[in-house]
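Reader: I'd like to go through this one with you. Can we start with the rings and then move on?

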Amino acid sequence: VMIASAAKRPDSREGAEHGYPLDGVPVSIKDSELAEGYDATISFSAWVNKPSKKDSTIVRILRDAGAIIHAKTSVPTTFLSCETRSDLFGRTVNPYNPKYASGGSTGGGASLLAYGGTVIEIGTDLAGSVRCPAHYTGIYTIKGTNGRFPSPGGVSSINGLEAVNLIAAPMSRNLDDLEEFWKRMLKMQPWNYDPSVSA
């Protein structure tokens, strides 16, 4: 939970120029995204108490846009699972019935969304990591084209496999919120933060 940093107001030139299109919108981020001052463990106990020194690219854009980043969400160890369970965080259950799973690997974000704890979750997807949890919990997501949203700066369990791209993917409780978030992120001109983003 990132309450202390969530209270900070954006002061970037980029945000001011674009009118803070996400001003006040609560956004949670998958544990793999870097947020300055917070761990990014992907459920490795060896990575606990090693806070990030900077924000990943998409987190920088969210902050500049005025979003309130209030939580990092649980993932299975190394991501590669259809159930969100780890020795570090325990089991993340389905908010509708704790006997069932929330999916993986963005299962923590899907559960938080379905439970009403956030408006937008930023997950990542390689082989169903947002799509599977969305199906399990009845929320909405879209895995965009590679390069639609910035992905650099997060941690990965598959370092060195440059041909395997984790794609940053938003999740929401309804389709209207997802569409609106997408439009507002593009107002921030993410290609100015990361030249590999599709313009």
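Author: This is a predicted model. For ring pairs, the rings of Phe, Tyr and Trp (its six-membered ring) pair if their centres lie within 6.5 Å. Planes over 60 degrees apart count as edge-to-face.

Reader: How many aromatic pairs does that rule give?

Author: The count is three aromatic pairs. One of them is Phe-44 with Trp-47, an edge-to-face pair with 4.8 Å centre to centre and 85 degrees between the planes.

Reader: What about Phe-149 and Trp-182?

Author: Phe-149 and Trp-182 are edge-to-face too, 4.7 Å centre to centre with 65 degrees between the planes.

Reader: Where do Phe-149 and Trp-182 lie?

Author: Phe-149 is in the loop between strand 8 (140-141) and strand 9 (167-172), while Trp-182 belongs to helix 6 (residues 175-187), so the pair ties together parts 33 residues apart in sequence. Phe-149 counts as buried, with 4% relative accessibility. Ring pairs also bring in Phe-181, making a cluster of Phe-149, Phe-181 and Trp-182.

Reader: Which charged end sits over the ring of Phe-79?

Author: That of Lys-30, 4.8 Å from the ring centre.

Reader: Change of topic: helix 3. How many of its residues are buried?

Author: Six of eight, so helix 3 is mostly covered. The buried residues are Thr-57, Ile-58, Val-59, Ile-61, Leu-62 and Asp-64.

Reader: What covers the buried residues of helix 3?

Author: The cover includes helix 2 (13-18), strand 1 (26-30), strand 2 (68-73), strand 7 (120-125), strand 9 and helix 6.

Reader: Asp-64 is on that buried list. Which side chain of opposite charge is nearest to Asp-64?

Author: Arg-60, at 5.2 Å. A salt bridge needs a side-chain nitrogen of Lys or Arg within 4 Å of a carboxyl oxygen, so Asp-64 has none.

Reader: What does the side chain of Asp-64 make a polar contact with?

Author: With the side chain of Tyr-193, at 2.7 Å. Leaving out residues up to four places away in sequence, Asp-64 touches Pro-10, Ser-12, Glu-14, Gly-15, Tyr-20, Met-188 and Tyr-193.

Reader: Where in helix 3 is Asp-64, and what follows the helix?

Author: Helix 3 covers residues 57-64, and Asp-64 is found in it. Gly-66 follows the helix, with a positive phi near 95 degrees.

Note on methods: Residues are numbered from 1 along each chain as its sequence is written. This is a predicted model: local features need pLDDT of at least 70, side-chain atom pairs count only at pLDDT 80 or more; totals for chains, interfaces and linings use all residues. Side-chain values use heavy atoms; hydrogens and water are left out. Helices (H or I, at least four residues) and strands (E, at least two) are DSSP runs, numbered from the N terminus. Buried means under 20% relative accessible area, exposed over 50%, partly exposed in between (1.4 Å probe, protein chains only). Lys and Arg count as positive and Asp and Glu as negative; His and the chain ends are not counted. A polar contact is a pair of N or O atoms within 3.5 Å; within protein, one must be able to donate a hydrogen and the other to accept it, and residues adjacent in sequence count only if both atoms are side-chain atoms. Contact means heavy atoms within 4.5 Å. Rings of Phe, Tyr and Trp (its six-membered ring) pair if their centres lie within 6.5 Å; planes under 30 degrees apart count as stacked, over 60 as edge-to-face and the rest as tilted. A charge sits over a ring if NZ of Lys or CZ of Arg is within 6 Å of the ring centre and within 35 degrees of the ring normal.
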